[in-house]
Amino acid sequence: TPFSGSEYFTISPIIKKLYIQFDKMTCAGLSAVFKGTFVHATATLPMCILEEHILGVDSTGKIAFLEPAEKQDELSIEWDFECSDIRELGEGEFFMPGFVDTHIHASQYSFSGTALDLPLLDWLNKYTFPVEAKFDDLSFAKDVYTKVVKRTLKNGTTTACYFATIHTDSSLLLADITNTFGQRALVGKVCMDFNIAYQKYKETPRESVEETQRFIDELQNKQYSRVMPIITPRFALACTGSLLTRLGLLAEEQNLHIQSHISESLKETEAVK
């Protein structure tokens with residue numbers, strides 16, 4: 001599994017997090033070399049423990065090698081590094097892959113853990129849509145998005161799939177922040193052209209498609225190695241059939257992933273019917 005530039009790994013048994021910044025090494029072709037115990041899963045083993053191994057990370061943030069520590073001398077010749085370049089974990093510490101969170105509403109971080117008194121659709125109308133409407137303010141967006149990216153990284157999430165809001169510029173800002181902190185991410189500008197309950201928070205079908213295209217173009221032009229756009233229709237109740245069709249064609253034309261919601265509550269499924 002490739003590293004994402006700056007990664008978190010859980011350390012046992014003291015249950016803390018080690019935030020490892022890959023400082024540039026003097027050795028050619030590598031940005032870091034680590035030595036210790038590595039724990040991961042394979043297609044055949046739910047847990048694979050590799051004790052006394054050495055791992056090299058190349059200049060793009062990907063694993064260049066993972067070998068038994070007994071091969072250190074030959075690896076040092078091949079990759080041109082010194083013993084002093086190796087970061088060695090202590091007793092009871094180990095590396096593990098970062099967590100992958102496939103569904104995060106970054107804009108909802110500001111009220112996470114609160115406003116839990118209502119079912120989904122009522123909750124969206126009373127709490128979520130009014131807060132998300134504030135993300136046209138880039139200062140507000142920067143504050144919230146910085147906090148959510150830092151918090152997810154602190155908890156070991158090195159890859160995330162984010163919902164932003166309908167605002168293109170602040171959605172691009174979220175992508176910038178994930179890149180700055182070294183988190184691998186798919187970032188989606190939310191698309192919704194239907195919202196009877198909270199009229200101030202919606203787009204026209206044309207705006208939604210055009211702004212989604214602008215979001216894709218501007219993000220791809222940044223050429224971030226770890227951050228990609230993802231087509232993000234909110235859910236069936238917030239998107240007309242026409243918009244869903246056009247977004248589907250856009251995803252197909254540009255070979256992009258799609259994220260959305262489906263069947264999250266009985267009330268929602270009844271309304272969709």
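Helices (H or I, at least four residues) and strands (E, at least two) are DSSP runs, numbered from the N terminus. This is a predicted model, in which local features need pLDDT of at least 70 and side-chain atom pairs count only at pLDDT 80 or more, while totals for chains, interfaces and linings use all residues. Residues are numbered from 1 along each chain as its sequence is written, and side-chain values use heavy atoms, leaving out hydrogens and water.

Let's start with the whole protein. It has seven helices and twelve strands. Of its 273 residues, 47% are buried (under 20% relative accessible area with a 1.4 Å probe and protein chains only; exposed means over 50%, and partly exposed lies in between). Taking contacts (heavy atoms within 4.5 Å) between residues at least 6 apart in sequence, 66% join residues at least 24 apart.

Now find helix 1, residues 72–79, where Gln 72, Leu 75 and Ser 76 are buried. These residues sit on the same side of helix 1 because they cover an arc of only 100° around the axis (the arc is that of the directions from the helix axis to the C-beta atoms). An α-helix has 3.6 residues a turn, so residues three or four places apart point the same way. The cover over the buried residues of helix 1 includes strand 3 (30–40), strand 4 (48–58), strand 5 (63–68) and strand 6 (86–88). Asp 80 follows helix 1 and has a positive phi, near 60°.

Further along, helix 3 (residues 138–154) and helix 4 (residues 168–180) pair up: their axes come within 9 Å and cross at roughly 35°. Here axes are lines fitted to C-alpha atoms, for helices over the stretch in contact, and angles run from 0 to 180 degrees between N-to-C directions. From helix 3, Leu 138, Ala 141, Lys 142, Tyr 145, Thr 146 and Val 149 meet Asp 169, Ser 170, Leu 173, Leu 174, Ile 177 and Thr 178 of helix 4.

Finally, look at helix 6 (residues 241–254), where Leu 243, Leu 247, Leu 250 and Ala 251 are buried. Seen down the axis, the buried residues of helix 6 fall within an arc of 95°, so they line one face. They pack against strand 10 (190–191), helix 5 (205–222) and strand 12 (232–233). Glu 252 and Glu 253, on the other side of helix 6, are exposed. Just after helix 6 comes Asn 255, with a positive phi of about 55°.
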